[in-house]
Amino acid sequence: MRNIRLIVAYDGTDLAGYQKQSADKGITVQGALEKALSIICAEPIQIYGASRTDAGVHARFQVCAFQTSGSIPVENIPRATIAHLPKDIVVTEAIEIPLDWKPRNNIFGKEYIYSIYNREIADPMGQRYHWHIKKPLDIEAMRQAGKALEGTHDFSTLKGANTTPVDPVKTIYAIGIVETNGRIDISVVGDGFLYHMVRNIAGLLVDVGLGRKSVSRIPELLAAKDRKRIGKTAPAQGLVLEEIFFTADRLHTVIERIKEE
């Protein structure tokens, strides 16, 4: 028996999210991978992911693992899966790892990037990958709001509806904002995230950027622990799971990069 770790990238626009569901719900990343791997390994395969993404959310660096007694060389797996996966899903790397390695037990943190296009006229070439905001955003106010969200807090105010019961206390290591020719990328690095938390952070920062909420109110909003105190959840298409960190060194490198931007 071998334990194989995969790095997977996908365009989530036409997918029903990461987690496997009934066939009538649409194609999922987990379901598609298990189907493809079962064919190339010639046995039923069950995969385990490091993170779940919602319908419409993208990933550049999703991590999955599966065990197999199949004989396919591990270096051939990325190429072998191409014929059996939807065009939206690609295995970019496969390596063999110890049998006791599990994706969710080895995570030091994650980085998500939420993208906004801030121009009056839309960009049709990128609309699958950003949220179009027509009115000008105050980027500096958004940066200040991001700083106010950093640290360890109870993030109940920023959780999504129908959140399964989990510890709402999370640590945000860094929130950085980079603007280039109307494209605004919000990088969020933390030890873990609640359901819809990053999309709600993006929505809150946009409200600050539009002057609907002030930076000074953020401590009050967090203390309220009430989702109704903030505005709408940012749409799914702007969100990308950018990286999952499996070493402290890599996590700290990315945090420092964001703080220097």
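The largest pocket holds about 920 Å³ of space. A pocket here is an open set of points on a 1 Å grid over the protein atoms alone, where a 1.4 Å probe fits, with protein on both sides within 12 Å along at least five of seven lines. Volume is the space filled by probe spheres set on the points, which are joined across faces, edges and corners.

This is a predicted model: local features need pLDDT of at least 70, side-chain atom pairs count only at pLDDT 80 or more, and totals for chains, interfaces and linings use all residues. Residues are numbered from 1 along each chain as its sequence is written, and side-chain values use heavy atoms, without hydrogens and water.

Lining residues have an atom within 4 Å of a point. The largest pocket has 32 of them, and Arg52, Asp54, Phe193, Leu194 and Tyr195 lie nearest its centre. Both β5 (109–117) and α4 (197–209) supply at least two lining residues. The largest share, three residues, comes from α4. Helices (H or I, at least four residues) and strands (E, at least two) are DSSP runs, numbered from the N terminus.

The second largest pocket holds about 200 Å³ of space. Its lining has 13 residues; His58, Arg60, Tyr129, Val240 and Glu242 lie nearest the centre. Here β3 gives the largest share, three residues.
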